[in-house]
Amino acid sequence: MTLEIQAKYVLLQNEFYGKILDTKFERWVLLESVEIEINYNINLNVYDVQRVIDIQHQVIYGKADTYIIIFSDAKFLNAAVSVLIGTLPVYAQLKGKHVYIRFRDKQSPVFEFIKKVGMYDFFTNSNEKPQYTKQRALPFNRIVNEDMMEEYTDKIMELAPIIMNDKASDVLSSYFFEIYQNSFSHSESEIDVFSCGYWMEKQLIFSIYDMGVGIPYNVQHNIDCDMTSQECIEWAFQEGTTTLDETIIKRGLGLSRLEKFIMLNDGTMSLYSHDICYTITNGMKKNMELNKPIKGTMIIISIKADTEHMYIVDDEKDD
């Protein structure tokens, strides 16, 4: 017995065949579906994320029009990384393809977590009140407007396991809001922006992801075409920088200020964009080149539980 997410984005048949037009011979040819088995746990480390990016590449650039992702022996899927899996059916449908997500049975730990984090409700119950999503989740969802940005920012602050005074809470929430906002303004994503997270043991982990053009592309095409991908990411973390010519709304503070908070909290942050992964772990910054480029930009943030300190902000003005 297999269990499948059945949604408007995926095929419901047991047999999968798709038609494509072979322009060389001017006839229709049949393609069998491609099965992609996940029999390993998916954690937050770069190696595991790259394995999911490999799956993304198969779906985006493969010639088949139907892909079946099978969680067989996998027992864990990190909530933040799950956004890469959840966006595949959405993006594939936009491109005339289909992605089918299958689980071994109802007892699959990954299936149970998919329900808790809101992905099952997104695909099967999108027009009704969520049935399975837990309060500890930052539910998997498409963020389509500023009202939703504010809703998700508020949810992050509600789940954040730290003590703050009112001013610190307002300032920190503005950084998260700006990350969402910048994703809309810069990414050119065809499927808007997605977010997903969960309160895990002693930390809140969540992601913000767009399947757009990526930070390196934006910087190279708007600022300096000779900059490397690593230089583009480093530029994006400089306070006050932006690829938008704006005189009313000041941007470019989110990433740099958020970076400072993460280091203060002893949390972690990973930014995947095109062929670069930029990480902050244990107060150390590191750039790594990815084996295959990710589609767009994914930011993963982990806020460490801290009940021994109160987070405050000083009166420094944002010039």
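Strands E11 (residues 268-281) and E12 (residues 284-304) run antiparallel and are joined by 13 bridges; two strands count as paired if DSSP finds at least two bridges between them. This is a predicted model, where local features need pLDDT of at least 70 and side-chain atom pairs count only at pLDDT 80 or more, while totals for chains, interfaces and linings use all residues. Residues are numbered from 1 along each chain as its sequence is written, and side-chain values use heavy atoms, with hydrogens and water left out.

Back to the hairpin. Ile280 stands opposite Lys285 in E12. Two residues sit between the strands of this hairpin, and Asn282 takes a positive phi near 55°. E11 is largely enclosed by the rest of the structure, because eleven of its 14 residues are buried. Buried here means under 20% relative accessible area, using a 1.4 Å probe and protein chains only.

Now for the helices. Helices (H or I, at least four residues) and strands (E, at least two) are DSSP runs, numbered from the N terminus. Two helix pairs are set out here, with axes fitted to C-alpha atoms over the stretch in contact and angles running from 0 to 180 degrees between N-to-C directions.

| Helix pair | Angle | Axis distance |
|---|---|---|
| H5 (residues 146-159) and H6 (residues 166-186) | about 140° | 9 Å apart |
| H7 (residues 215-222) and H8 (residues 229-236) | roughly 90° | within 9 Å |

H5 and H6 are therefore oblique to each other. For these labels, angles under 35 degrees are roughly parallel, over 145 roughly antiparallel, 65 to 115 roughly perpendicular and the rest oblique. On the H5 side, the residues that meet H6 include Met149, Tyr152 and Ile156, and among their partners in H6 are Leu172, Phe176 and Phe184. Contact means heavy atoms within 4.5 Å. The residues of this H5 and H6 contact split into nine nonpolar, four polar and two charged. Nonpolar covers Ala, Val, Leu, Ile, Met, Phe, Trp, Tyr, Cys and Pro, charged covers Asp, Glu, Lys and Arg, and the others, Gly among them, are polar.

Over at the other pair, Ile215, Pro216, Val219 and Gln220 in H7 meet Ser229, Cys232, Ile233, Trp235 and Ala236 in H8. Seven residues of that H7 and H8 contact are nonpolar, two are polar and none is charged.

Zooming out, the protein chain has nine helices and 13 strands. Of its 319 residues, 53% count as buried. Among contacts between residues at least 6 apart in sequence, 67% join residues at least 24 apart.

How values were computed: Buried means under 20% relative accessible area, exposed over 50%, partly exposed in between (1.4 Å probe, protein chains only).
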